[in-house]
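Hi,

Here's the structure I said I'd pass along. Have a look at it first, and then read on for what turned up.

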Amino acid sequence: MNVVRPGDPGATRTCPHCRETILESAMACPACRHYLHYGASADAPSVAVLTPLLIEGNIRHPPNAEPWEYTVVVSIRDDLGVEIARKLIGVGAITANEQRTFTLSVEAAPIKEKLPGKGGTRH
């Protein structure tokens with residue numbers, strides 16, 4: 001559950017396309033990649049997105065071995081080591097000579113400051 005108020009840094013909402021919880025400031029859903037802000041101009045300057053963490057790896061099942069089942073879980077911990085989120089991403093099976101590639105990326109963007117007089121209730 002989100003304890004951050006709407007409009008504050010870290011505030012979340014639900015993507016209308018895939019129903020995942022995403023940042024309120026997102027222009028596109030990182031899960032389904034649909035665009036969310038319909039009034040935004042295509043010529044508007046985009047916010048620079050940083051990728052401070054990017055890990056990619058793969059597993060290849062050895063030939064002549066029993067099938068493997070796998071579970072992909074991602075957890076997030078704060079600076080005290082307390083788990084603040086845990087998500088099961090996917091499950092599957094892999095058989096002889098098959099390969100799976102897994103990519104984990106963390107994207108970060110600076111928070112746009114609110115202009116005075118902007119915001120308020122939506123009608």
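To start with burial: of the 123 residues in the protein, 7% are buried. Keep in mind that this is a predicted model.

As for the fold, you'll find 6 strands and 0 helices, so the pattern along the sequence reads β-β-β-β-β-β. If you take the contacts with a separation of 6 or more, 43% of them link residues 24 or more positions apart.

Now the inside. In soluble globular proteins, nonpolar side chains tend to be buried together. Which residues make up the largest nonpolar core here? There are 5 of them: Cys15, Ile22, Ala26, Cys29 and Leu36.

Leu53, Ile55, Leu104 and Val106 form a nonpolar surface patch of about 290 Å². The elements that each supply two or more residues to this patch are β3 (50–60) and β6 (99–108). Leu104 sits in strand β6. Is Leu104 buried or exposed, or something in between? Its relative accessibility is 34%, so Leu104 counts as partly exposed, given that the partly exposed class runs between the buried cut-off of 20% and the exposed cut-off of 50%.

That's what I have for now. Happy browsing!

Technical notes:
Residues are numbered from 1 along each chain as its sequence is written. This is a predicted model: local features need pLDDT of at least 70, side-chain atom pairs count only at pLDDT 80 or more; totals for chains, interfaces and linings use all residues. Side-chain values use heavy atoms; hydrogens and water are left out. Patches are made of residues with over 30% relative accessible area and no salt bridge: like charges are joined within 9 Å, nonpolar side chains (Val, Leu, Ile, Met, Phe, Trp, Tyr) within 5 Å. Accessible areas come from the Shrake-Rupley method with a 1.4 Å probe; for residues, only the protein chains shown count as cover. A salt bridge is a side-chain nitrogen of Lys or Arg within 4 Å of a carboxyl oxygen of Asp or Glu. Helices (H or I, at least four residues) and strands (E, at least two) are DSSP runs, numbered from the N terminus. Buried means under 20% relative accessible area, exposed over 50%, partly exposed in between (1.4 Å probe, protein chains only). A nonpolar core is a set of buried Ala, Val, Leu, Ile, Met, Phe, Trp, Tyr and Cys residues joined through side-chain atoms within 4.5 Å. Contact means heavy atoms within 4.5 Å.
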